[in-house]
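Me: I would like to go through this model feature by feature. Please give the general idea each time, then the case at hand.

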Amino acid sequence: MTDTMLELRSVSASYGAIQALQNVSLKVERGAIVALLGSNGAGKSTTLNAISHLIEPSAGEIHFDGQPIGRLPSDDIVRRGLVQVPEGRQVFKDMSVRENLELGAFLRKSSRREVGEDFERVYAMFPRLKERAEQRASTLSGGEQQMLAIGRALMGRPRMILLDEPSMGLSPILVEQIFEIILRLNREQGLTILVVEQDVRLALRVSSYAYILENGEMNLQGPSKQLLNDPAVRRAYLGV
Ligand code: ATP
């Protein structure tokens, strides 16, 4: 018996004349890490933006925890525990680290004590952010900004996060560190994760199941281990 946390059924979306998604369906089981892959412009970010209702799909249905969420405003979706983590460079540059994190707790209307606990949890996960709490986000390194983007999402106590290209612009060592943290969040806190990633090999290593988009359509899907060994995937996406 599977327990589906997020499901897209035949979702389509366009930007004016550009059809960005066509009949995209996918499922994420509770507690899983699922990867959404594909080349540039394939529609990965558009899929995340459709889930968070940052854009309006032209067709299809989206369910979270068994409930339709397609008509909910974005902030209601966040309140239900589904939080999108933008790429690290999209933190609020003129605010301090602490202020950025506070914003993450804002929609939850939690007590001061709860927010205090959340700060402690995030700072324990990212000691670097604690050291730099009063520093302006614009002065953080790329990796630190990515940590801040993830930390800000965690302040909302999500049950599931949508991660948009966490490795973008980071050195290999930092990418390893970020993915180590992603794995810990999944294992230790049971966080369900849908991750969009350019680094196909890495994404297939950390996820249990993966989808590959091509020109706005779902091209391939399967258990990540199987895709890692699939000759077509290896040729097209792993350069082997
Ligand atoms: P990348 O890996 O390069 O970020 P992606 O798979 O995330 O790519 P999307 O950003 O979802 O791709 O874009 C899908 C398609 O929609 C592309 O052809 C893109 O040019 C187009 N597109 C995305 N955003 C807009 C927009 N705001 N206005 C017009 N077209 C857009």
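Me: Where is A59 placed?

Reply: Helices (H or I, at least four residues) and strands (E, at least two) are DSSP runs, numbered from the N terminus. A59 belongs to strand 4, residues 59-64. This is a predicted model, in which local features need pLDDT of at least 70 and side-chain atom pairs count only at pLDDT 80 or more, while totals for chains, interfaces and linings use all residues. Residues are numbered from 1 along each chain as its sequence is written, and side-chain values use heavy atoms, with hydrogens and water left out.

Me: Is A59 buried or exposed, or partly exposed?

Reply: Buried means under 20% relative accessible area, exposed over 50%, and partly exposed in between (1.4 Å probe, protein chains only). A59 has 36% relative accessibility, so A59 counts as partly exposed.

Me: With which residues is A59 in contact, leaving aside its neighbours within four places in sequence?

Reply: Contact means heavy atoms within 4.5 Å. On that basis, and with neighbours within four places in sequence left aside, A59 is in contact with S10, V11 and S12. A59 and V11 are 48 residues apart along the chain, and their C-alpha atoms are separated by 5.4 Å.

Me: What does helix 1 look like in terms of burial?

Reply: Seven of the eight residues of helix 1 are buried, so helix 1 is largely enclosed by the rest of the structure. The buried residues are K44, T46, T47, L48, N49, A50 and I51. T47, in this helix of residues 44-51, has 0% relative accessibility and therefore counts as buried. Beyond its neighbours within four places in sequence, T47 is in contact with L8, L21, L26, L36 and L213.

Me: Which residue with positive phi follows helix 1?

Reply: That residue is H53, with phi near 60°. R157 has phi near 45° and lies in the loop between helix 6 and strand 7; its relative accessible area of 34% makes R157 partly exposed. N215 is not a glycine either, and its phi is about 45°. N215 sits in the loop between strand 9 (209-214) and strand 10 (217-223), and at 65% relative accessibility it counts as exposed.

Me: What is the relative accessible area of P158, and what does P158 touch?

Reply: P158 is in the loop between helix 6 (142-154) and strand 7 (160-164). The relative accessible area of P158 is 12%, so P158 is buried. Not counting residues up to four places away in sequence, P158 touches G81, V83, A153 and L191. P158 and V28 are 130 residues apart in sequence and 15 Å apart in space, C-alpha to C-alpha.

Me: Where is P231 found?

Reply: P231 is found in helix 10, residues 231-237. Its relative accessibility is 53%, so P231 counts as exposed. P231 and I178 are 53 residues apart in sequence, and 28 Å apart in space from C-alpha to C-alpha.

Me: How many aromatic pairs does a search of the whole structure find?

Reply: Rings of Phe, Tyr and Trp (its six-membered ring) pair if their centres lie within 6.5 Å; planes under 30 degrees apart count as stacked, over 60 as edge-to-face and the rest as tilted. The search finds two aromatic pairs. One of them is F119 with Y123, a tilted pair at 5.6 Å centre to centre and 40° between the planes.

Me: Why are F119 and Y123 separated by about one helical turn?

Reply: An α-helix has 3.6 residues a turn, so residues three or four places apart point the same way. F119 and Y123 are separated by about one turn because they are four residues apart in helix 4, residues 112-125. Both F119 and Y123 are buried.

Me: How many helices and strands does the protein have, and what is its radius of gyration?

Reply: The protein has 10 helices and 10 strands. The radius of gyration is taken over C-alpha atoms, and the globule rule is 2.2 Å times the number of residues to the power 0.38. The protein has a radius of gyration of 17 Å, close to the 18 Å that the rule gives for 240 residues, so the protein is as compact as a globular protein of that length. Buried residues make up 50% of the 240 residues.
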